[in-house]
Amino acid sequence: MTAALRFDPIRLPEKCEQLRKEVRAFLAEEIAAGTFDPHKPNREDTDAPEFSRRVGAKGWLGMTWPKKYGGQERSFLERYVVTEEMRVANAPTRRFFVADRQSGPVLLKYAPEHIKMDILPRICRGEICFAIGMSEPNSGSDLFAAKTRATKTDGGYLINGTKIWTSSAHIADYMIAIFRTSQPTKENRRHGLTQFLVKMKQPGIKVNPIGQITGQYEFNEVVFTDFFVPDDHVLGEVDGAWKQATSELAYERSGPERFLETYYVLTELVRAVGPNPDTRSAEGIGRLVAQLHTMRRMSVSVAGMLQAGKEPVVEASIVKDIGTVWEQQLPHRVRDLAAFVEETATNRETLERQLDFAIKTAPKLTIQGGTTEVLRGIIARGLGLR
C-alpha cells in the first residue's frame, strides 16, 4: 500500500447536536412559510436566492472560514451537521452549496488577498453562486485530459474551449475552472493544467443548458471563445493545478450529499409501511438503514480528517463510490418494498411520485463528483494496486 487507509470512528460533540436542533427549527419555519416542500424533490424552483441569504444570515455559510472573511471559525463537523440537515429536508441549497463546500476553500488557499476580501464575505452572506469547470467533452471524468486552452496574452489569458456537465452554470456568478496552459510531458501527463477564477455572465462565455430525463436543467455546456481572464485570477501554481484540484475533490466527494440525494424515498417508505410493518418490509428497511449508517460513519470520519487539516483523497473517493452506488440503487429497492404497501396508505401517491423522479434522476449521480470508474482508479492507486 502506498498510503494508510483510515476511517477513524468519530462521535459528533454535543455542540453539533445543539446546532442540529437549531437547523431543524429554522428549516421547519421555512417549510411552514412555504419556501419549499420537503416532499417534492422534483420542484422547479431549485434556485432560491432569498433562502440562500437567510441561511447566510444564520452564519451557516463559510462556517469554518476565518472571521476576517465573513466566516465563523467553526468546525468541519458543525458544517457537516448543517449540510446533513439541509440535504435530508430537501432544502433548495443550489445557489450556495458549491461555493460553501469547495470553491471558498480553494479561494482561501490560493486567491490573492483582494479577491478573498471581495468574494468570500459575499459567499458567507449567501449572495453569489459558483460552478465548477472540470469535465470536458470526450474526456469524461479524466481531469488530466482537459483540452480547453488558456493562452497567455497581455495582462492575462485568453480562454478557448468547452466544459460540460457543469452544474448551475446558468445561474453562477463565478466558476473555478481548470484550463490547459501548456502540454503534458512524457514523464507527467498531469503537467500543464492551471486553475482559474472565472467571472461568469461576461462576453466570450456561452452557457447551453443540458436537459435531463426529469425535465430539469441542472447541467450545462459552457463554451469559451477568446474569453479574457486577468492575471490575478490565476489560482495557485501555473501548470501545477492537478494537485490543487485533487485536494479540492476531497471536499466534493465525501459529504452526506453523496449518499442522501435519493434518501427521501426511504423516509417516505417508512411512513407508508407505518408502525407495524410486515416481516419483509422490516427486514428490507433495516438493511437499508444499516447500510446508510455505515456510510454516514465513514463520511463523518472524512469530515474529521478535514478538520485535522488532512487531505483524505482516497477515503473521500471510497465514500463517493459506495454512496453513489447505494443512492442509485435505493429507489429500485424501495420500489420493490413498496409493492407490498397497502393501497390505502395516505402517502401512497407521494411515494409513487417520488420514486418516479428518483429513478429518473439516479443516472446523473454517477457523473457529478467523478464517475465510478475514475474513482476506483484513484482508490486503486491509493492502495498501491496500479
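These questions and answers walk through selected residues and helix pairs of a predicted model.

Reader: Is R95 buried or exposed?
Author: R95 lies in helix α4, residues 94-110. Buried means under 20% relative accessible area. R95 has 11% relative accessibility, so R95 counts as buried.

Reader: Which side chain makes a polar contact with the side chain of R95?
Author: Leaving aside neighbours within four places in sequence, R95 is in contact with several residues, including P49, S52, E127, F130 and D173. The side-chain polar contact of R95 is at 2.8 Å. The partner is D47.

Reader: What is the angle between the axes of α7 and α9?
Author: Two packed helices are described by the angle between their axes and the distance between the axes. Here the helices are α7, residues 264-273, and α9, residues 313-338. Their axes come within 9 Å. They cross at roughly 20°.

Reader: Are α7 and α9 roughly parallel or roughly antiparallel?
Author: The axes of α7 and α9 cross at roughly 20°. Angles under 35 degrees count as roughly parallel. That makes α7 and α9 roughly parallel.

Reader: How many nonpolar residues are in the contact of α7 with α9?
Author: From α7 come V265, L266 and L269. They meet W326, L330, P331, V334, L337 and A338 in α9. By class, the contact of α7 with α9 has no polar and no charged residues. The nonpolar residues number nine.

Reader: Does α7 pass α9 in a left-handed or a right-handed crossing?
Author: The α7 and α9 axes come within 9 Å. Their crossing is left-handed.
The pair is roughly parallel, since the axes of α7 and α9 cross at roughly 20°. So the answer for the crossing of α7 with α9 is left-handed.

Reader: Are α1 and α2 roughly parallel or roughly antiparallel?
Author: Helix α1 spans residues 14-32 and helix α2 spans residues 49-57. Their axes are 12 Å apart, and the angle is about 155°. Angles over 145 degrees count as roughly antiparallel. Therefore α1 and α2 are roughly antiparallel.

Reader: How many charged residues are in the contact of α1 with α2?
Author: α1 passes α2 in a right-handed crossing. The contact is made by F26, L27 and E30 of α1 and F51, R54 and V55 of α2. By class, four are nonpolar and none is polar. The charged residues number two.

Reader: What is the relative accessible area of S299?
Author: S299 sits in helix α8, residues 279-307. S299 is buried, with a relative accessible area of 1%.

Reader: How far apart in space are M295 and R20, C-alpha to C-alpha?
Author: M295 is in helix α8. M295 is buried at 5% relative accessible area. Its contacts beyond four places in sequence are F259, I322, G323 and W326. M295 and R20 are 275 residues apart in sequence, and their C-alpha distance is 19 Å.

Reader: Where is N90 found?
Author: Most residues other than glycine have a negative phi. N90 is not a glycine, yet has a positive phi of about 60°. N90 counts as buried at 2% relative accessibility. N90 is found in the loop between α3 and α4.

Reader: Is K201 buried or exposed?
Author: K201 is found in the loop between β5 and β6. K201 has a positive phi of about 60° although K201 is not a glycine. Exposed means over 50% relative accessible area. With 58%, K201 is exposed.

Reader: How far apart in space are C124 and Y69, C-alpha to C-alpha?
Author: C124 lies in helix α5, residues 113-124. C124 is buried, with a relative accessible area of 4%. Leaving out residues up to four places away in sequence, C124 touches G56, L61, G62, W65, Y69, G70 and G71. C124 and Y69 are 55 residues apart in sequence, and their C-alpha distance is 8.2 Å.

Reader: How far apart in space are I210 and W60, C-alpha to C-alpha?
Author: I210 is in strand β6, residues 205-210. Beyond four places in sequence, I210 is in contact with residues including I164, W165, Y217 and F219. I210 and W60 are 150 residues apart in sequence, and their C-alpha distance is 31 Å.

Notes: Residues are numbered from 1 along each chain as its sequence is written. This is a predicted model: local features need pLDDT of at least 70, side-chain atom pairs count only at pLDDT 80 or more; totals for chains, interfaces and linings use all residues. Side-chain values use heavy atoms; hydrogens and water are left out. Helices (H or I, at least four residues) and strands (E, at least two) are DSSP runs, numbered from the N terminus. Buried means under 20% relative accessible area, exposed over 50%, partly exposed in between (1.4 Å probe, protein chains only). A polar contact is a pair of N or O atoms within 3.5 Å; within protein, one must be able to donate a hydrogen and the other to accept it, and residues adjacent in sequence count only if both atoms are side-chain atoms. Contact means heavy atoms within 4.5 Å. Axes are lines fitted to C-alpha atoms, for helices over the stretch in contact, and angles run from 0 to 180 degrees between N-to-C directions. Angles under 35 degrees count as roughly parallel, over 145 as roughly antiparallel, 65 to 115 as roughly perpendicular and the rest as oblique. A crossing is left-handed if the near helix is turned anticlockwise from the far one by less than a right angle, and right-handed if clockwise. Ala, Val, Leu, Ile, Met, Phe, Trp, Tyr, Cys and Pro count as nonpolar, Asp, Glu, Lys and Arg as charged, and the others, Gly among them, as polar.
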